[in-house]
Amino acid sequence: MRPLAPRTFLAWSLAAIAVSVLTDSPVYRALVALSALAVLQAWLPSGRSLRGIGMAAAFAASLAFAMNMALGHTGVHVLARLPSDWPVVGGPITLEAAAFGGAVALGLVAALLAVAPLSLVLEPHEIVDAIPRQLQRTGIAVAASLNLVGGIGRTFAEVRDAQLMRGWKPRGVRSWNEVVVPVVLTAIEDSVLLAESMEARGFAQGPRTSFAATRFHGADLLVLATAAAVVVVFALSRPLGLATPWYPYPSLTMPSAHPLLALACVALALPALLSDRDGEA
Amino acid sequence: MRLAASILAAMLASLGLTAVVPATPLGVACAGAGSNHATVVVEHGNGTVVQRCVAFDGESISGEQLLASSGIEYQTQTQSLGVAICQVDGEPAGYTECPGRSDYWSFWTWTGRGPWTYSRVGVSLVTLHDGDAEGFRYVPSASPAPPVSPDPCPAPPAPTPAPATPTRPAPTPVAPTSAAKTPAAQPTRAAPTDAPPRTSATAAPSPSVTPPLPRESGGSGIAAASPASGGSAATASSSGSDGGLVVAGLGAGALAALVVGRAVRRRRARR
């Protein structure tokens, strides 16, 4: 099975994010998250792990859940009480706030998993290929700039260690000038070198001449059509009365679900069925 | 003796008249002035219903303004979702939490057709228009249910026709044929009052506007469909939601099986 085109992944990611934003129902968000996880797992290259994205998703979800529980004091079912004189967090901890926090957490997880393929499945040059032609130079410049950020961190650590070996000790804010100034000078030097190397490789010298244009095949068209259909269905769900807004306040109620919308969320897992990477080591 | 008897008779007669003559109706009484009208329906926990019709100028009115204009006593608390209703018409007599933990004032809106809609926001964030209604029902927190259907606001009084000026026949008896006899002037009819039809305290639902709503408990907390359209609408919506949840459950199960299956296959391939 041919790999899907980078733009197909980009369109699919945008569709999944749109669905997780357009709906407030935890049922649909959970389905989007599962679909995104299935796609990510199906297309993950060998040697890469889901541990990083999993930890990031777990951290974001836990933070959202905890914040909603601590700050949302509305609801009828009280689980616990914090002293009212505690600033911000004081007051009843309610089941409704927990449910709302859970829904927010599910939305975050779904969004994270939806964009994960762009970093874990695609190579950097494929992402640049996926960007519209008018934005490709900007995308390359931004990507190169972001690469410098990690370099600045490493330079900072090296300069600090070198200064410490020379007897430098941090004494107040002004003493850090002996570390910051060399770091800034090094960063400027690195950026100049990067710009010269990019120019030497023909950046912004005209259209790209030697790269293979990606073509859409049947599987790409199928995924694109499915993603577009899913977005349209969710965009029209409220005007057509298919989606009922879910709100746990003031009393928790079971979220409703429409069969068509549930099917649309499951349909986002289509790319997972088009992968033949089972059993790869 | 006779004086006492006559006094007693007069007292009894006055009580009887009071019973016969309608008291100030508890039903819809129009408060305020304006060309548009909206209704406030309050249903207490014991089933007692109070309705007020409020007239207002302008295209719309907020829920809180409508409640304030109705003259019904209430207490609120400002929260993140708007103003929450803590007490209406003296119920509950006292409270320490708003909304209450076990029972609370559920807030509903009605747009002139269809069933009541459970409001997700406070009364201050709701906007009503001419012909709309807002309802408050004191219910257990686990089973919010809509109040009774609102009675229509009374129609404005019809313009009173100008009474015909009575003309007396000419006093001259000479020409009986020429003097046209005009009929005696009709006694001026009293202009129809604004008083709405008397409604009982339990406010039997008006048959004219909205058929009575079945009282559902639990569920999604969204107002049930009117029985005039059959309980079929309510049944359809709930069955649709159940079907959606079934599809969602099956889909989630299939996706979970797919993910787990791939993970197992990858682990075996690595070995």
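Leaving aside its neighbours within four places in sequence, which residues is Ser25(A) in contact with? The legends below begin with that residue. The model shown is predicted.

**View 1. Ser25(A) sits in the loop between helix 1 and helix 2 of chain A.** Beyond its neighbours within four places in sequence, Ser25(A) is in contact with Pro255(A) and Ser256(A). Ser25(A) counts as buried, because its relative accessibility is 3% and buried means under 20%. Ser25(A) and Leu106(A) are 81 residues apart in sequence, yet their C-alpha atoms are 9.5 Å apart in space.

**View 2. A salt bridge joins Arg238(A) and Asp24(A).** Side chains of opposite charge can pair when their charged atoms come close. Here the closest N and O atoms are 3.2 Å apart. The pair links distant parts of the chain, 214 residues apart. Arg238(A) belongs to the loop between helix 8 and helix 9 of chain A, and Asp24(A) to the loop between helix 1 and helix 2. Arg238(A) is partly exposed, at 44% relative accessibility. Asp24(A) is also partly exposed, at 24%.

**View 3. Arg160(A) and Asp161(A) meet in a salt bridge through their side chains.** The N to O distance is 3.6 Å. Arg160(A) is partly exposed, with a relative accessible area of 30%. Asp161(A) counts as partly exposed at 38%.

**View 4. In chain B, the side chains of Arg137(B) and Glu43(B) form a salt bridge.** The distance from N to O is 3.7 Å. Arg137(B) lies in strand 10 (residues 133–140) and Glu43(B) in strand 2 (residues 36–43), so the pair ties together parts 94 residues apart in sequence. Both residues are buried. Over all chains, the whole structure has 3 salt bridges.

**View 5. The largest nonpolar core has 48 residues.** Tyr28(A), Trp43(A), Phe234(A) and Leu268(A) have the most contacts inside this core. Elements that give it two or more residues include helix 1 (6–22), helix 2 (26–43) and helix 8 (218–235) of chain A, and also helix 3 (232–270) of chain B. Helix 2 of chain A gives the largest share, 11 residues. Now focus on Phe234(A). Leaving aside neighbours within four places in sequence, Phe234(A) is in contact with Val19(A), Leu22(A), Thr23(A), Tyr28(A), Leu261(A), Ala264(A) and Cys265(A). Another core lies apart from the largest one. This other core has 20 residues, among them Ala38(B), Ile61(B), Ile72(B) and Tyr138(B).

View 6. Helix 7 (residues 177–200) of chain A supplies the largest share, 6 residues. Leu185(A) lies in this helix. Leu185(A) is exposed, with a relative accessible area of 53%.

**View 7. Chain A meets chain B through contacts between 38 residues of chain A and 34 residues of chain B.** The size of an interface is often given as the accessible area lost when the parts come together. Chain A and chain B bury about 3,000 Å² between them. Carbon and sulfur atoms account for 62% of that area. The count of salt bridges between the two chains is 0.

**View 8. Chain B contains 3 helices and 10 strands.** From the N terminus on, its elements run α-β-β-β-β-α-β-β-β-β-β-β-α. Of the 271 residues in chain B, 35% are buried.

Methods:
Residues are numbered from 1 along each chain as its sequence is written. Chains are lettered from A and ligands numbered from 1 in the order in which they are written. This is a predicted model: local features need pLDDT of at least 70, side-chain atom pairs count only at pLDDT 80 or more; totals for chains, interfaces and linings use all residues. Side-chain values use heavy atoms; hydrogens and water are left out. Helices (H or I, at least four residues) and strands (E, at least two) are DSSP runs, numbered from the N terminus. Buried means under 20% relative accessible area, exposed over 50%, partly exposed in between (1.4 Å probe, protein chains only). A nonpolar core is a set of buried Ala, Val, Leu, Ile, Met, Phe, Trp, Tyr and Cys residues joined through side-chain atoms within 4.5 Å. Contact means heavy atoms within 4.5 Å. Buried area is the accessible area (1.4 Å probe) that two parts lose on being put together, summed over both. A salt bridge is a side-chain nitrogen of Lys or Arg within 4 Å of a carboxyl oxygen of Asp or Glu.
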